[in-house]
Amino acid sequence: MGTVHARSMDPLPMHGRDMAVHPDDMIEVQEAEQETKQEILENKDVVVQHVNIEGLGRTKEDLLGYEISEVFEAKNLIDVMKKSHIARQKLLRLGIFKEVEVVIDTSDGADALPNGLDVTFEVTEMKRLTGSYNTMVGNNEGSMVLGVKLPNVFGRAEKLTFQFSYGTKETSYGLSFFKPQPGNFERNLTLNLYKVTGQFPWSSLKETDRGVSTELNVSWLWVFGVTYHVKFYFIKPFLHRQWLKSLTQTASQKPQRANKMMCCLCLPRTSVFQMFCHTSILSVHLLCLFQFPLWRTNHTLKWEGVWRELGCLARSASFAVREESGHTLKSALSHTVSIDTRNSAIFPKKGALLRINQELAGYTGGDASFLKEDFELQVNRRLVWDSVLSASLWGGCLFPIGGSPSSIADRFYLGGPTSVRGFGMYSIGPQSEGDYLGGEAYWAGGLHLYTPLPFRPGRGGFGDLFRTHFFLNAGNLCNLNYGEGPRAHLQKLAECIRWSYGAGIVLRLGNIARLELNYCIPMGVQSGDRICDGVQFGAGIRFL
Amino acid sequence: MTLMLSVPLTLSNFSCYSPVCIDSSHFIMSLAAEAFVSQIAAAEPWPENATLYQPLREDQILLSDCASSLAVQAYLRMCNLPVQVSYRPNAEYMSPSGKVPFVHVGNQVVSELGPIVQFTKAKGHSLSDGLDDVQRAEMKAYMELVNNMLLTAELYIQWCDDNTAAEISRPRYSSPYSWPLNHILAYQKQWEVRRKMTAVGWAGKNLEQVYEDVSQCCQALSQRLGTQPYFFNKQPTELDALVFGHLFTILTTRLTSDELSEKVKSYSNLLAFCRRIEQSYFEDSQAGSSSRGYSKGPSLF
């Protein structure tokens, strides 16, 4: 961590005049000596007088002030060491320094206090331009990524990145500009410009997206949510009910309760926007209701404008896919809230993940007009003998607004080694002549039991990257006719459930991805689904 | 790679379910498979629900596309094959070759007049069976003349003449899209057509030369037609459909200037020819105002 220099101020205690020293007394005296020595180090009050940062080039100093300000509050030496360590981590997290070293020294100079300390951070800035080459694993696809990065462009930890990626299913390039808020790295803004070309053989579709997006990440304390929650849980729902009542009264015939989805279509556009806001607030309420133990939630607010070009991948594409060819413009606002209390993203042993995402398109221009909601929940619990039980639930719904039908590029897809195992990639649900069209509503659930490899070969090393797993997956995907009520929708989602079970081996790749080799037995197969019974291989980041 | 592993190796496991997609649909069809498919096409009769797709009539379609579409419709009417017309803003992108119109017949999608003529011939309907080889060659030559001269002239006037492009072509072409996509697509199409004009050597021409070319083409057609009712004997052929499509559209579309339609009007036998075909084949659907609505200008009458 660095060299520590400290000088003791108090003289060592002297023995008494009694020379006939009892052995017990001797020990006591020695312990007293040691104790006083320890006292010097731990309990001695210190004052941090100066904190310096050396080695700065283009970085602006006001940015770093926030990261190192806590070091001044340290009261004793151990505290100084701990806080300097934390400050060092924060400086490294900014992503603008290659190395940071900490030197703690007693202060000297004219205004030096007897117990004053000087802390110096010696930093090495990153070069102005760096290049990188890596391979990436996505959901059942792999790609090579070439990147050029300009860290710390204007001196306040902004980052400009250009990336080119060539993969088995997708080719893309993009420019990205990242700016954190000085003093609060977790609040940041990202601007992206990109072009992505993807090929989807399960739908015989190829898609080219050219877009621009702006993303704002903030992280809130849920303590805020409690007061928010109390205020809104009692007041807003009352207003909410009144609003719903007024809607159902304007609808013809018998007032059907909670016919929200029908109302969605015939509502004027302002009301749908209200619904988006209500649902955003509602998702925050839900998190508070579930009393998630972590006290931080991450929110991401994003605006995205995309020019989408759809085309047929082969001449033999079905006519339903051919009808979707052409150009559309989507301009969408989306909000994602996520809480992750798991101890690791791959093979978590405990904790839970909840992520709720909503997207509203059409209010800021463009052709596409819809409200899309989806959520992801995962809970993990450790059982006997190092095995972990994990349950996950995904679901989503797409409401087209304004009467125009939904586009194949916006719908949900289900099936494959990363979703309901035992079925072909995205090969469940509505299809036409072998091309899968996706659906407007879906749910999927999984129950997994992860155990270490039998007989634990390679324990402590390579063997820890593997797990065996037994799974049960289920799910359904369908289109909803929004003229019916929610009860009919739930019924439709509950019939014809596809499910599968099996076992396999999972390998962890780094901290983000995993590979799976499973033996699957699909059940509940409906006509039109493509199955993959037997051995199935999958690679990806996000698994059911 | 990873995708292929998840494709089932045996399809017969679930025989109680109908077989799902054939994997070859994900790959380019071989020539043998195409020949097989066209044999199947020949075996099936012309269905009742055959549909022709073209861009939106009122706001979007341009002169050249309208002419091609009218030619195909005239041809199908001459063959007595029923077809419904469907208007889609993305018809150009739906088409397998990128050109409108295209017909969706059974499982097949065929675009442009040439392939459609072949397709109907495979089904046993043909207008040019009565011609001998010399006449057939002549017919093909005149069709090439119309395609190379008239169609190219229409494209030139629409996209290379700045006036017309700014006032008519770009606004109409981009009408179904929202900002800024409308401008991007309109300019993209304009650059594409201009590049094509350069490739065929028309980039150096000016508007007067193009009108002159149109005039010469009409003169050649007029001379061939003479006083006959149709170009070959008394029965119409695909050449008649093609010429009708282009000339009728030119006569009934209002552009920034009337010069193009004046060039055609100066040949009275061509005028009579268009009138004759309109009366014989399009009069029966007057109630739906289908013939009047091909263009944004007034009708011939």
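# Notebook: a walk through chains A and B

I started at Glu262(B), which lies in helix 11 of chain B. Helices here are DSSP runs (H or I) of at least four residues and strands are DSSP runs (E) of at least two, numbered from the N terminus.

Before going on, I noted the ground rules. I am looking at a predicted model, where local features need pLDDT of at least 70 and side-chain atom pairs count only at pLDDT 80 or more, while totals for chains, interfaces and linings use all residues. Residues are numbered from 1 along each chain as its sequence is written, chains are lettered from A and ligands numbered from 1 in the order in which they are written, and side-chain values use heavy atoms, leaving out hydrogens and water.

**Entry 1**

A patch takes residues with over 30% relative accessible area and no salt bridge, joining like charges within 9 Å and nonpolar side chains (Val, Leu, Ile, Met, Phe, Trp, Tyr) within 5 Å.

I looked up Glu262(B) itself and got a relative accessible area of 44%, so Glu262(B) is partly exposed. The scale I use calls a residue buried under 20% relative accessible area, exposed over 50% and partly exposed in between (1.4 Å probe, protein chains only).

**Entry 2: the nonpolar patch on chain A**

Next I turned to a nonpolar surface patch on chain A, with about 1100 Å² of accessible area together; among its members are Leu129(A), Tyr133(A), Phe162(A), Phe164(A) and Val212(A). Strand 5, strand 6 and strand 7 (170–181) of chain A are the elements that give two or more residues to the nonpolar patch. Accessible areas come from the Shrake-Rupley method with a 1.4 Å probe, and for residues only the protein chains shown count as cover. I picked out Phe164(A) in strand 6 of chain A, and at 31% relative accessibility Phe164(A) counts as partly exposed.

Most residues other than glycine have a negative phi, and most peptide bonds are trans. I went looking for exceptions.

In chain B, the peptide bond from Val100(B) to Pro101(B) is cis, with omega near 0°. Pro101(B) sits in the loop between helix 4 (91–94) and strand 3 (102–105) of chain B. A cis bond also runs from Trp179(B) to Pro180(B), with omega near -5°. Pro180(B) belongs to the loop between helix 7 (162–173) and helix 8 (181–200) of chain B.

Then came phi. Ala157(A) is not a glycine, yet its phi is positive at about 65°. I placed Ala157(A) in the loop between strand 5 (142–151) and strand 6 (159–167) of chain A. Is Ala157(A) buried or exposed? At 2% relative accessibility, Ala157(A) counts as buried. Asn80(B) has a positive phi of about 65° as well, in the loop between helix 3 (63–78) and strand 2 (84–87) of chain B. Asn80(B) is exposed, at 68% relative accessible area.

**Entry 3: salt bridges**

I followed Arg210(A) and Glu309(A), whose side chains meet at 3.3 Å, N to O. This pair links distant parts of the chain, from strand 9 (residues 205–221) to strand 10 (residues 296–312) of chain A, 99 residues apart. Arg210(A) is partly exposed at 26% relative accessibility, and Glu309(A) is partly exposed at 28%.

Lys330(A) and Glu359(A) form a salt bridge at 2.8 Å, N to O. Lys330(A) in strand 11 (residues 326–340) and Glu359(A) in strand 12 (residues 351–366) of chain A are 29 residues apart. Both Lys330(A) and Glu359(A) are buried.

**Entry 4: a record for chain A**

Over residues 46–126 I read 31% helix and 35% strand, with the end C-alpha atoms 33 Å apart.

Terms used. A salt bridge is a side-chain nitrogen of Lys or Arg within 4 Å of a carboxyl oxygen of Asp or Glu.
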